[in-house]
Amino acid sequence: MSNSGVKTDEKKQHFDDIYVAETPVPFKERILDDLEYVSDDFNRQTFDRLILPWAKEQASAGKQLNFLDLCACFGNTTMATLYGMDFQQIRENWRDEAACRQVNGSRRFPAHTTAIDISANAMAYGASAGLFDQTITADLNAPTEQQQNAVNEAMAQADIVISTAALVYLEPEAIQKLIDSFAQTEREGYMLVNFLNPFALDKADATKRVLLEQLEFVGSMASRHRKLSALEQENYPGEEWALLEIWVLKRPRR
Ligand SMILES: C[S@@+](CC[C@H](N)C(=O)[O-])C[C@H]1O[C@@H](n2cnc3c(N)ncnc32)[C@H](O)[C@@H]1O
């Protein structure tokens with residue numbers, strides 16, 4: 001399958017072949033294991049501090065939330081945030097082709113899940129494992145009109161959007177459209193995003209400005225993301241870890 005829409009900073013390792021594999025096992029072995037990709041523990045920690053209490057309140061009031069994983073890949077961050085799974089539990093669940101077929105966990109609050117990604121294989125995996133109730137396969141940098149409409153609708157309907165290790169791949173115009181669609185809805189809604197360091201810092205700054213133009217800042221934390229690959233350690237001498245800034249934003253009160 002072609003994944004030619006994936007754009008990545010030239011100093012950052014390309015993992016495109018892993019994202020388009022048929023199962024998450026190569027993602028588990030080459031990213032989670034080999035690079036100690038611990039970031040989901042911190043995505044979950046931030047989600048639990050700043051979004052989960054609200055989500056549970058909504059659940060107590062009988063509401064089902066629309067949960068959207070943007071650039072979801074195989075759904076590791078959905079497993080961390082919606083299912084409350086930690087790094088070790090995700091690795092264990094994805095240890096081989098048989099084990100990964102079914103998610104060893106349950107949702108912590110009632111949700112309808114939508115995933116969006118350029119990788120048709122990742123979307124098909126997440127749907128078959130029961131992680132994603134709805135999927136949209138699209139190159140967000142160059143969607144067809146029909147795909148853009150479906151993406152806009154999903155963003156507008158979402159109560160919670162998570163987009164982790166993701167915005168770095170998207171063009172500023174694509175990010176602007178996504179945020180416009182999310183922000184246009186009047187009801188309360190949260191977005192968890194993260195920014196990678198040391199990659200593409202100017203791009204991350206531009207993305208932060210777009211987010212802050214339309215959304216209210218809620219809170220943030222800094223954490224480890226994963227180990228730099230050998231190529232990345234050559235590009236960033238003296239650095240061992242890629243770091244994360246994790247942000248939570250919300251729709252503005254009107
Ligand atoms: C690093 S993975 C992120 C997975 C997960 N969200 C996480 O935090 O670990 C990046 C994902 O972005 C997707 N992606 C990259 N470029 C894209 C594009 N132009 N449109 C849609 N998805 C894209 C890739 O296919 C991949 O699944």
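Because the model is predicted, local features are reported only at pLDDT of at least 70 and side-chain atom pairs only at pLDDT 80 or more, whereas totals for chains, interfaces and linings use all residues. Residues are numbered from 1 along each chain as its sequence is written, and side-chain values use heavy atoms, with hydrogens and water left out.

A polar side-chain atom of T164 is placed 2.6 Å from an oxygen atom of the ligand, and one of T77 is placed 3.3 Å from a ligand oxygen atom. For D139, a polar side-chain atom is found 2.8 Å from a nitrogen atom of the ligand.

Several residues were examined for their surroundings, with secondary structure assigned from DSSP runs numbered from the N terminus (helices, H or I, of at least four residues; strands, E, of at least two). Burial follows relative accessible area, with buried meaning under 20%, exposed over 50% and partly exposed in between (1.4 Å probe, protein chains only). T46, in helix α3 (residues 39-50), counts as buried because its relative accessibility is 1%. When neighbours within four places in sequence are left aside, T46 is in contact (heavy atoms within 4.5 Å) with I51, L192, M221, I246 and V248. L249, which lies in strand β7, is likewise buried, with a relative accessible area of 0%. Under the corresponding exclusion of sequence neighbours, the contacts of L249 include G189, Y190, M191, V193, L211 and L212. The C-alpha atoms of L249 and L211 are separated by 8.1 Å, although these residues are 38 residues apart along the chain.

R253, in the segment after β7 (241-250), counts as exposed, since its relative accessibility is 64%. The C-alpha atoms of R253 and S60, which are 193 residues apart along the chain, are separated by 22 Å.

E232 lies in helix α11 (residues 230-235) and, at 0% relative accessibility, counts as buried. The side chain of E232 reaches two backbone nitrogen atoms, that of Q13 at 2.7 Å and that of S229 at 2.9 Å. Apart from residues up to four places away in sequence, E232 touches K11, K12, Q13, F199, R226 and K227.

A search of the whole structure finds 0 disulfides, a disulfide being a pair of cysteine sulfur atoms within 2.5 Å. For C71, the nearest cysteine sulfur is that of C73, 9.2 Å away, and C71 is buried, with a relative accessible area of 18%. For C100, the nearest cysteine sulfur is also that of C73, at 13 Å, and C100 counts as buried at 0% relative accessibility.

Most residues other than glycine have a negative phi, and most peptide bonds are trans. C71, in the loop between β1 (65-70) and α5 (76-81), has a positive phi near 60°. A positive phi of about 45° is also found for E36, which lies in the loop between α2 (25-33) and α3 and counts as partly exposed at 34% relative accessibility. The peptide bond from N197 to P198 is cis, with omega near 10°, and P198 lies in the loop between β5 (190-197) and α10 (201-214).

Definitions and conventions. A polar contact is a pair of N or O atoms within 3.5 Å; within protein, one must be able to donate a hydrogen and the other to accept it, and residues adjacent in sequence count only if both atoms are side-chain atoms.
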